[in-house]
Amino acid sequence: MEAVIQNTRNLEQYGLKNTKANWNLDGETLQKITLEKEMGVETDNGTLAIKTGKFTGRSPKDRFLVKDAYTKDKVWWGRINKPISPEHFDQLETEIKNYLSGKEVYVRDAAVCADPQYTMNVRVVTEYPWSNFFVKNMFLRLSEAELENFEEDWLVLCAPGYEAKNPKEFGIIAGNFSILNFTKKIALVGGSAYTGEIKKGIFSALNLILPVEKNVLPMHCSANVGEEGDTAIFFGLSGTGKTTLSADPKRKLIGDDEHGWTAENTIFNFEGGCYAKVIDLTEEKEPDIYRAIKPGALLENIVFKKGTKEVDFFDSTITQNTRVSYPIDHIDNIQVPSYASNPKNIFFLTCDAFGVLPPVSKLTPGQAAYHFISGYTAKVAGTEAGITEPVPSFSACFGEPFMPLHPTKYAEMLSKKMTEAGVNVWLINTGWSGGPYGVGSRIKLKYTRAMISAILEGQLADVDFESHPIFGLHMPKYCPGVPSEILDPMNTWLQKGAYISKAIQLAHSFHINFDKFASEASDEILNGGPLIDSHHTLADHF
């Protein structure tokens, strides 16, 4: 139930003076204000569309964590987790508060983490009405009774219009920034209107708080649950099929992006909505997302067909990263509330554009941890300027930009939980077969769906497996609904020598990437990697 409008409170307790605070406005009102302020337009079906300005995606180089007594020995400091001093944070906090003072602002009281044992209250103050609309869509919406006694655990201050004039004086790189302070429990977003900074800021906070304080594994994944109560988890980077494959008419969607795994073996959604890419979207390809784009949703950085208010989903003039946010109940087949127990299968999705990895393989606990830490997929030609052939891409834990702890901490938690719960872990290649990108062809979606269905229905429990000679992965010899000849990728290549050469090349990429984690990894994890490295010869395997 949506909350009533409350305009009576002020924000002076936070140092925001003389603000006109619009508190917990409903979506319809926020849309109306956005249109009145000429900050957005309506599409032909009444959906609000806005532009986020200079930033159409996150800015990882401008993300900082306050380094203090709480974080200094916990965080994996470096390129991803850059430190900022408490003093510099205090200066920027004061700057943002002074900037917002005297303005009309929008306040949203919401929560994250659907499992009541782990729910965290978040109060978000935004400069723009549509930023508040996004938070309403993406975080858990509270009842009037819950709002009446609301006390926040975290405060988010979002001021896209503020830009630091002398960034170096504040210990930052540019005028925009996204900063977490775990001691004050405050997130600052300044200089960027990209709404994903709010979502990913709180996700990053949970990625430290949950494992350190609650023994909960945070995961960048989608999840669904079957009629028998068996839960499946889908990890994967952009373009690997995480959203597509977790949308299954036979199973209820728990969530599409961010989840926790508790000591009680419950899988819970962090969010109350979905934030989906819409580039090249069609109703045929992604019916759930397509149909969710209706009043109550928020489109970002899309382009209209000339002379109309009809969205051209194929137009990337503004950005490839066109997006929509919508409440999860815009999807029909969902789990209510957004959590379930009994995790049975985990899928690591990778789009291997080299055509090396099997379309489906079963992982040992050591291999699962190794591939989880690696977070492999491949970028193909056309995805980024200058890419003309496949390039390996690794993102630790399938979500490195949002992980404050060392990746091995999350991997060890995953190994422990999967062993205790008796979970099977599978590597699914949604990429190429019969050769690399440009030579082979993309594995058919119907085959990938058949593999996942066979696993979920227990049909691979009794089939024979064989070991991949270079990666050591366990490949089934038979899978219902899938041609047996594609199950061993070497069979699909015309030249076996070319396959072996490409597989060794990819194995080396894995080893090189893993070097930075090796000192913290256990022997079991290290032994989960490809069997061939610079010290081995082909004769060891053939």
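**View 1. Surroundings of Asp 257 in the predicted model.** Asp 257 is in contact (heavy atoms within 4.5 Å) with Lys 199, Lys 200, Met 219, His 220, Cys 221, Ser 222, Lys 242 and Glu 271, leaving aside its neighbours within four places in sequence. The residue is found in the loop between β13 (252-255) and β14 (258-261); strands (E, at least two residues) and helices (H or I, at least four residues) are DSSP runs, numbered from the N terminus. With a relative accessible area of 9%, Asp 257 is buried, a class defined as under 20% relative accessible area, with exposed as over 50% and partly exposed in between (1.4 Å probe, protein chains only). Its side chain makes a polar contact with the side chain of Lys 199 at 2.7 Å. A polar contact is a pair of N or O atoms within 3.5 Å; within protein, one must be able to donate a hydrogen and the other to accept it, and residues adjacent in sequence count only if both atoms are side-chain atoms.

The model is predicted: local features need pLDDT of at least 70, side-chain atom pairs count only at pLDDT 80 or more, and totals for chains, interfaces and linings use all residues. Residues are numbered from 1 along each chain as its sequence is written, and side-chain values use heavy atoms, with hydrogens and water left out.

**View 2. Positions listed by UniProt.** The unreviewed UniProt entry lists Lys 200, His 220 and Asp 257 under "binding site". Although spread over 58 residues of sequence, they cluster in space, the largest C-alpha distance being 10.7 Å. The UniProt positions follow the numbering used here, feature names are shortened, and annotations may be inferred rather than shown by experiment. Lys 200 lies in helix α5 (residues 196-214) and is buried, at 12% relative accessible area. Not counting residues up to four places away in sequence, Lys 200 touches Arg 58, His 220, Asp 257, Glu 258 and Phe 402.

**View 3. Cysteines.** With a disulfide defined as a pair of cysteine sulfur atoms within 2.5 Å, the count comes to 0 disulfides. Cys 274 is in no disulfide, and the nearest cysteine sulfur, that of Cys 221, is 13 Å away. Cys 274 is buried at 1% relative accessibility, and Cys 158 is buried at 3%.
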